[in-house]
Amino acid sequence: MNDMNPQQGQPQADGGLLSLAEDLNPGQVEMMKKGFQIAQQIMYDEQVFGSMMQEAMQGGEPAEALGNMVVQVVMKLQEHFGKVDFVVLLALGIKVIDDLADAINQTGRLQIEEQDIQQAMSLAVQMWLTANQGSYDPAEVQSLAGQAKQGGL
């Protein structure tokens, strides 16, 4: 979260996306930039965020709520773009998860800790795979998600 981010207080115009996009081709980078803009609109729309928060809190656990919200944002991006390379969605999910954790913490309704973020990312990948069954190769998705956890993305 931001309190553990060494670049806190140094906003980046790209939202930190360029560091996540080093291994992407130019088309993927462009989709990621557009996706991030749309994700920001989704997350910072009070009505949409409130609705997502209400749905996500039904699980009760902070990691589950956060994972659910990440999947909701990514699914909205898929509605907008259609099929998107998983590596782009993963990079967006990584960027969005911290922003969502901060937004959730600001509501005071749940407290998201660092370990919740790690668990939420794993849960989000599983929920997303279930929602997109048959559209993506689960082995490839798990491999890329594992690389991202180890800092390979």
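Throughout these legends, a residue is called buried when its relative accessible area is under 20%, exposed when that area is over 50%, and partly exposed in between, using a 1.4 Å probe and protein chains only. This is a predicted model, in which local features need pLDDT of at least 70 and side-chain atom pairs count only at pLDDT 80 or more, whereas totals for chains, interfaces and linings use all residues. Residues are numbered from 1 along each chain as its sequence is written, and side-chain values use heavy atoms, with hydrogens and water left out.

View 1. Isoleucine 104 belongs to helix α5, residues 86-107, where helices are DSSP runs of H or I with at least four residues, strands are runs of E with at least two, and both are numbered from the N terminus. Because its relative accessible area is 0%, isoleucine 104 is buried. Leaving aside residues up to four places away in sequence, isoleucine 104 touches Phe49, Met53, Leu66, Met69, Arg109, Leu110 and Ile112, a contact being heavy atoms within 4.5 Å.

**View 2. The largest nonpolar core.** A nonpolar core is a set of buried Ala, Val, Leu, Ile, Met, Phe, Trp, Tyr and Cys residues joined through side-chain atoms within 4.5 Å. The largest such core has 49 residues, of which Phe49, Leu66, Met69, Val73, Leu100, Ile104 and Trp128 touch the most other members. Two or more residues are given to this core by each of α2, α3 (46-56), α4, α5, α6 (114-131) and α7 (138-149), and the largest share, 13 residues, comes from α5. Leucine 100 touches Met43, Phe49, Met52, Leu66, Met69, Val70 and Val73, again not counting residues up to four places away in sequence.

**View 3. Helix α4 and the glycine that follows.** The 20 residues of helix α4 (residues 62-81) should span 28 Å at 1.5 Å a residue, and the end C-alpha atoms are 29 Å apart, which agrees; the expected span is 1.5 Å times one less than the number of residues. Because 14 of its 20 residues are buried, α4 is largely enclosed by the rest of the structure. Just after α4, glycine 82 adopts a positive phi of about 85 degrees.

View 4. A search of the whole structure finds 1 salt bridge, defined as a side-chain nitrogen of Lys or Arg within 4 Å of a carboxyl oxygen of Asp or Glu. Aspartate 99 forms this bridge with lysine 95, their closest N and O atoms being 3.5 Å apart. Both residues lie in helix α5, 4 residues apart, or about one turn of the helix, and both are buried.

View 5. Rings of Phe, Tyr and Trp (its six-membered ring) pair if their centres lie within 6.5 Å, with planes under 30 degrees apart counted as stacked, over 60 as edge-to-face and the rest as tilted. The structure holds 2 aromatic pairs. The ring centres of phenylalanine 86 and tryptophan 128 are 5.0 Å apart with planes at 40 degrees, so this pair is tilted. Since phenylalanine 86 lies in helix α5 and tryptophan 128 in helix α6, the pair ties together parts that are 42 residues apart in sequence. Tryptophan 128 and tyrosine 136 have ring centres 4.6 Å apart and planes at 55 degrees, so this pair is tilted. Together, Phe86, Trp128 and Tyr136 form one aromatic cluster.
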